[in-house]
Amino acid sequence: MNCILRNDKDIQFATIKSSYPPNEENPATDVRNAIIRLILPDTTLFFKDSVLSETPQNIRSVNSFYYLKDFHLVKGMKIKIEASLPDGTVLSSETIAPRYQTITLPMDGGG
């Protein structure tokens, strides 16, 4: 599972990929139909499942992702993300939102 929570955006994204044998010709690596929860101290939010399909030059490409709208990080908030996969596997991670908002670097190039 890959998810980067950004405070400068009001929409958050997550993806889940699976491993596959190297000799497989057309591996399907996107994990679909998972349930992803963002567990906060006072509430639980659910990501929605979505798929983008593109067919340039008659080549089918499907990219599965999950999204959560209208969520901003709160400094110092304890956050847990948990994904329940269709096969029953549960992936999870916990962190605390950084207490700083923006890091700026000097424009002079430093030394």
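The largest nonpolar core has 18 residues, and those with the most contacts inside it are Ile-16, Ile-36, Leu-38, Phe-47, Tyr-66 and Ile-79. A nonpolar core here is a set of buried Ala, Val, Leu, Ile, Met, Phe, Trp, Tyr and Cys residues joined through side-chain atoms within 4.5 Å, where buried means under 20% relative accessible area, exposed means over 50%, and partly exposed lies in between (1.4 Å probe, protein chains only). The model is predicted, with local features needing pLDDT of at least 70 and side-chain atom pairs counting only at pLDDT 80 or more, while totals for chains, interfaces and linings use all residues. Residues are numbered from 1 along each chain as its sequence is written, and side-chain values use heavy atoms, with hydrogens and water left out.

**The core and its strands**

- Strands β3 (35–39), β6 and β7 (78–84) each supply at least two residues of this core, and β7 gives the most, with three residues.
- In soluble globular proteins, nonpolar side chains tend to be buried together.
- Leaving out residues up to four places away in sequence, Phe-47 touches Cys-3, Gln-12, Phe-13, Ala-14, Ile-36, Leu-38, Tyr-66, Tyr-67, Leu-68 and Ile-81, a contact being heavy atoms within 4.5 Å.

**The chain as a whole**

- The chain has zero helices and eight strands, counted as DSSP runs numbered from the N terminus (helices are H or I with at least four residues, strands are E with at least two).
- Of the 111 residues in the chain, 23% are buried.
- Among contacts with a separation of 6 or more, 47% are between residues 24 or more positions apart.
- The accessible surface of the chain comes to about 8400 Å², and carbon and sulfur atoms account for 50% of this surface; the areas come from the Shrake-Rupley method with a 1.4 Å probe, and for residues only the protein chains shown count as cover.

**Pairing around β3**

- Strands β3 and β7 pair in the antiparallel sense over five bridges, where pairing requires that DSSP finds at least two bridges between two strands.
- Strand β3 is also joined to β4 (residues 44–46) by three bridges, again in an antiparallel arrangement, and these two strands form a hairpin with four residues between them.
- Ile-39 takes part in both pairings, with Lys-80 as its bridge partner in β7 and Thr-44 standing opposite in β4.

**Aromatic rings**

- There are two aromatic pairs, by a rule in which rings of Phe, Tyr and Trp (its six-membered ring) pair if their centres lie within 6.5 Å, with planes under 30 degrees apart counted as stacked, over 60 as edge-to-face and the rest as tilted.
- The rings of Phe-65 and Tyr-67 have centres 6.4 Å apart and planes at 45°, so this pair is tilted.
- Ring pairs link Phe-13, Phe-65 and Tyr-67 into a cluster, in which Phe-65 is buried at 17% relative accessible area and Tyr-67 is partly exposed at 21%.

**Single residues to look at**

- Ser-64 is found in strand β6 (residues 61–69) and counts as buried, because its relative accessibility is 4%.
- Beyond its neighbours within four places in sequence, Ser-64 is in contact with residues including Thr-15, Asp-30, Arg-32 and Asp-49.
- Asn-33, in the loop between β2 (11–15) and β3, has a positive phi of about 65° although it is not a glycine, and Asn-33 is exposed at 61%.
- Asp-70, in the loop between β6 and β7, has a positive phi of about 60° although it is not a glycine, and Asp-70 is exposed at 65%.
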